[in-house]
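I opened a model today and went through it chain by chain. These are my notes, in the order I looked things up.

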Amino acid sequence: MKKYCLGVLFLSCASAQLPAQITVDTIGTTIVHIETVVDTTHFAGGYDSGPWDLHWGPDDKLWYTNKKQINRYDPITGINDTILRVNSGYIMSVATHNDFANNPYVYITKDTSAYYGQGTLVELYRYTYNAAVDSLENPLLILNWGHAGEHSGGRVMVGADTMVYVTTAEYYWQIDTLFNNSGKVLRLHPDGSIPNDNPRPDYTWTWGHRNPQGIVQTPNGNIITSEYGMLHDELNVILPGNHYGWFVFDGVSCFQPVDTCNYYQTFVKFPIDIGQNPPSGITWYDHPSIPEFHGILEAVTGNNQGLMAYTMNAAMDSVIQKPVI
Amino acid sequence: MRDVVAAPNGTVYFIAYDRFKPRINSISNPLFSSLNQQTFIHPLQIYPNPGTDQFQVSRKNNNALSTVRILNSLGSEVLRYEQVKFPFTVNSSELVTGIYFVQVTNDRETRIQKWIKASK
């Protein structure tokens with residue numbers, strides 16, 4: 001139902017212009033202002049540059065990753081500053097502990113090289129926030145996985161259960177073994193240890209994922225991922241111990257021998273939505289100011305850049321209004 | 001786009017043009033705070049809507065003198081009337097076509113509703 005043309009808004013949808021790069025438009029019946037709050041001058045430019053993750057921080061600032069840095073944008077003052085700078089690699093995702101006052105931990109995923117490089121690793125680190133100097137320190141490397149270019153996974157989230165959840169991409173159809181971190185949603189304690197209630201004695205929470213790049217927890221506790229598929233992109237409700245189909249099923253399409261398909265059919269957890277708009281990050285929106293956004297908001301990458309708004313059912317585990325292009 | 005996040009105040013931030021001209025944009029409803037402060041029990045009656053050169057605003061069961069403001073889509077005031085009794089006719093002949101908001105306020109209450117000026 002709803003595919004808002006925000007990706008191309010700056011080219012064709014603008015109906016009025018204000019100073020300071022504010023564009024006025026409508027989303028459904030709601031009038032909105034669209035403003036560039038951090039512009040290109042903050043970023044190096046080029047194929048592998050720029051922010052990969054946005055996170056609303058415990059200091060009521062917008063935290064964003066910026067290649068070798070984590071920056072913050074203060075919406076009150078408009079000031080950008082830097083809270084972390086690393087010497088090498090490409091910082092992808094950032095998340096803060098949800099009891100930050102008592103556990104001042106910041107989790108980041110970082111590519112060991114350029115993001116779109118081949119044969120490099122994505123690493124998960126925990127940093128500790130030092131309020132005295134307002135910066136991150138004491139990096140603790142927790143785990144890593146291999147990836148090929150943009151086929152990376154890499155989104156990190158701290159759940160309501162205070163566990164850390166990380167999405168990872170599969171890597172050349174590896175055979176799954178204990179502590180193989182590829183193609184998974186991983187779950188770990190804030191200190192990096194393995195929770196006793198994980199479905200098996202490693203970080204694995206779910207498996208059979210191709211390239212999940214978005215993860216969000218809904219207000220009722222459901223965990224939903226967005227997954228960049230081969231031909232069919234997915235939204236999945238994450239339930240522990242489940243296999244989500246890859247590399248037998250892509251969406252609900254099986255591309256393996258029929259006997260393999262029939263076998264996997266009996267236990268695969270299928271998506272709640274299948275589309276062809278490569279997704280990256282997702283978030284939950286239920287604020288009354290833009291009712292048209294209620295549900296899951298998805299950042300679409302690739303050729304169909306834009307935002308998608310999925311309306312969910314009351315149980316927040318099923319899509320009841322599917323976006324269209 | 002690479003990511004999107006919602007702030008507690010309802011503003012959405014998203015990364016646009018992530019590969020070549022990356023920037024972070026916000027989306028917000030500039031009229032939400034006004035719309036959220038509706039205290040009238042009954043909505044305004046605005047007719048015709050959409051309209052052209054004039055439209056009538058009336059209120060049910062309330063004859064208190066009020067201020068009527070017409071705001072454009074940017075939230076800026078384009079017309080203002082003081083000490084108004086209802087029903088009240090607004091002369092909209094000088095307004096360009098587009099979306100407007102009618103805000104009615106008296107000592108105790110306020111309400112804002114959308115009105116559209118159509119082309120003739």
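**Ground rules**

I am working with a predicted model, where local features need pLDDT of at least 70, side-chain atom pairs count only at pLDDT 80 or more, and totals for chains, interfaces and linings use all residues. Residues are numbered from 1 along each chain as its sequence is written, chains are lettered from A and ligands numbered from 1 in the order in which they are written, and side-chain values use heavy atoms, with hydrogens and water left out.

**The two chains**

I began with secondary structure, where helices (H or I, at least four residues) and strands (E, at least two) are DSSP runs numbered from the N terminus. Chain A has two helices and 26 strands. Chain B has one helix and ten strands, and I read their order from the N terminus as β-β-β-α-β-β-β-β-β-β-β.

Next I looked up burial: buried means under 20% relative accessible area, exposed over 50%, and partly exposed in between, with a 1.4 Å probe and protein chains only. In chain A, 58% of the 325 residues are buried.

I then checked contacts, meaning heavy atoms within 4.5 Å. Taking pairs at least 6 apart in sequence, 46% of those in chain A join residues at least 24 apart. In chain B, 46% of the contacts with a separation of 6 or more come from residues 24 or more positions apart.

**Cores**

A nonpolar core here is a set of buried Ala, Val, Leu, Ile, Met, Phe, Trp, Tyr and Cys residues joined through side-chain atoms within 4.5 Å. The largest has 20 residues, and Tyr107(A), Leu124(A), Leu143(A), Val166(A) and Leu188(A) touch the most other members. Strands of chain A giving two or more residues to this core include β9 (90-96), β11 (118-130) and β14 (164-168).

**Pockets and cavities**

The search ran on a 1 Å grid over the protein atoms alone: a cavity is a set of points where a 1.4 Å probe fits but cannot get out, a pocket is an open set with protein on both sides within 12 Å along at least five of seven lines, and lining residues have an atom within 4 Å of a point. Grid points are joined across faces, edges and corners, and a volume is the space filled by probe spheres set on the points.

Which residues lie nearest the centre of the largest pocket? They are His55(A), Met157(A), Val216(A), Thr283(A) and Val5(B), out of 34 lining residues. I noted a volume of about 840 Å³ for this pocket. β23(A) supplies the largest share of its lining, with five residues.

I sorted linings by class: Ala, Val, Leu, Ile, Met, Phe, Trp, Tyr, Cys and Pro count as nonpolar, Asp, Glu, Lys and Arg as charged, and the others, Gly among them, as polar. The largest pocket's lining has 19 nonpolar, eleven polar and four charged residues.

The second largest pocket holds about 290 Å³. Its lining has 18 residues, with Gln174(A), Asp176(A), His243(A), Trp246(A) and Phe247(A) closest to the centre.

I found two cavities of 30 Å³ or more. The largest is about 50 Å³, and β19(A) gives the most to its lining, three residues.

I found a cis peptide bond between Tyr47(B) and Pro48(B), with omega about -10 degrees. Pro48(B) sits in the loop between β4 (45-47) and β5 (54-58) of chain B. Another cis bond runs from Phe86(B) to Pro87(B), omega near 0 degrees.

Lys67(A) is not a glycine, yet its phi is positive, about 60 degrees. Lys67(A) counts as partly exposed because its relative accessibility is 24%.

Is Met316(A) buried or exposed? Met316(A) is at 16% relative accessibility, so it counts as buried. Met316(A) is in the loop between β25 and β26 (319-321) of chain A, and its contacts beyond four places in sequence include Pro219(A), Ile224(A) and Trp284(A).
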